[in-house]
Amino acid sequence: MLQEDVILTVNAIAATSATDPLVRTTIERRDVGPRDVLIEIRYAGICHSDIHTVRGEWGEVAYPLTVGHEIVGQVTEVGSEVTKFSAGDRVGVGCMVNSCRECDNCRAGQEQYCTNGNVGTYASVDRDGTITQGGYSTHVVVDQDFVLRVPESIPYQAAAPLLCAGITTYSPLAHWNAGPGKKVAVVGMGGLGHMAVKIAVAMGAEVTVLSQTLSKKDDGLRFGAEHYYATSDPATFEALANTFDLIVNTVSAPVDLAAYLRLLRLDGTLVSVGAPPEPLPVPVFALFGARRSFAGSSIGGIAETQQMLDFCAERGIAPEVEMISADQVNEAYERVLKSDVRYRFVIDVDTLR
Ligand SMILES: [Zn+2]
Ligand SMILES: [Zn+2]
């Protein structure tokens, strides 16, 4: 057998249909090419997108499918041309594993907005024509340009959710200049929301949480938010009218956009990082009222993701996680759907070996 034809068979958890529980199985990884890194996965976060994807809610997918795009582990092998990593390095992989590298956005380091479509870490067509398989598995092979360095000062068990929840919230906060003198509201206190709070606080902004109820208020204040309001209380929307420079909406259910837009002050922006599958009607008069903007943002580029990891290491920020074994993934999915997790499930991949 030629070297190129060697394929690794590794343990994994996969969905076999949109409705059946995930099961233990094996999947194949390509051989380590000249520019590839072989990563022994230690921890994999569970993102709400994983659930939408395996259940076919974001479009048809090919089964069996292994999801997971919050991956940390250590490098065990590198290809002959790899210069950025060596065996033993602690690394991470997020939501994408390749892009065209030639379009304007790729050249600008915004690979997530590749005009030819980036290659998602799972359920995407890889450059060799196979369907990418994600991080609920013991090993993954990734091009070095899409591998991140995970600083040692970030606790290993907590690092994985930074690769999606962390960068998804860091990128819009950085782009819209969250910082000293800025009032930032975070809508929703889940996996994304709790990271948005921690990061915005570390950037120096005055942070308000807008959550359905006050049940997580103590946590929000502990993460550094100065204010915490219940969106189930109509008085919240009167009290906070014309207040915020930036609102980061992390909720993936439909929200009353008009109500939230009116909380923005002059030139304020409401950016959505959570998305319901159905379109949201935009109330244009609420935009007119104070030259407001409604925007969307998707993960971050590779360089920016590294910047986020280094920022979190420097500021001592990490996600709050609940560790589970490989056999608890189905149960964890049900709990994510009920928002019964504080704040991110992380699979201990050692339980899959
Ligand atoms: Zn995600
Ligand atoms: Zn591109």
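**Close-up views of a predicted model**

**Figure 1. The stretch covering residues 17-347.** In this predicted model, residues 17-347 are 25% helix and 25% strand. UniProt lists residues 17-347 as "domain: Enoyl reductase (ER)", in an unreviewed entry.

**Figure 2. The chain divided into domain 1 and domain 2.** Domain 1 is made of two pieces of the chain, 3-164 and 319-352. Domain 2 covers residues 165-296. Taken over C-alpha atoms, the centres of the two domains are separated by 28 Å. Where the domains touch, domain 1 supplies 15 residues and domain 2 supplies 11 residues. On the side of domain 1 that touches domain 2, eight residues are nonpolar, three are polar and four are charged.

**Figure 3. An open sheet of six strands.** The strands follow the order β12-β11-β10-β13-β14-β15, and their pairing is parallel. Strands β12 (227-230) and β15 (293-296) stand at the edges. Each of these two has a single partner strand, so one side of β12 and one side of β15 have no neighbour in the sheet. Ignoring direction, neighbouring strands of the sheet are turned against each other by 20 degrees on average.

**Figure 4. Helix α5 on the six-stranded sheet.** Helix α5 is formed by residues 191-203 and packs on the sheet. The strands that α5 touches are β10 (183-187), β11 (206-211) and β13 (244-249). Between the direction of α5 and that of β10 the angle is about 165 degrees.

**Figure 5. The pairing of β14 with β15.** Strand β14 spans residues 264-272 and runs parallel to β15. Four bridges join the two strands. Ser272 stands opposite Gly296, a residue of β15. Strand β15 is also an edge strand of the sheet.

**Figure 6. The antiparallel pairing of β4 and β5.** Strand β4 consists of residues 71-78, and strand β5 of residues 90-93. Four bridges link them in the antiparallel sense. In this pairing, Gln74 has Arg90 of β5 as its bridge partner.

**Figure 7. The pairing of β5 with β9.** Besides pairing with β4, strand β5 pairs with β9, which holds residues 148-149. The pairing is antiparallel and is made over two bridges. Gly92 has Leu148 of β9 as its bridge partner.

Note on methods: Residues are numbered from 1 along each chain as its sequence is written. Chains are lettered from A and ligands numbered from 1 in the order in which they are written. This is a predicted model: local features need pLDDT of at least 70, side-chain atom pairs count only at pLDDT 80 or more; totals for chains, interfaces and linings use all residues. UniProt positions are given in the numbering used here, feature names are shortened, and annotations may be inferred rather than shown by experiment. Domain bounds come from an automatic or database domain assignment. Two residues are in contact if their C-beta atoms, placed from the backbone, lie within 7 Å. Ala, Val, Leu, Ile, Met, Phe, Trp, Tyr, Cys and Pro count as nonpolar, Asp, Glu, Lys and Arg as charged, and the others, Gly among them, as polar. Two strands pair if DSSP finds at least two bridges between them. Axes are lines fitted to C-alpha atoms, for helices over the stretch in contact, and angles run from 0 to 180 degrees between N-to-C directions.
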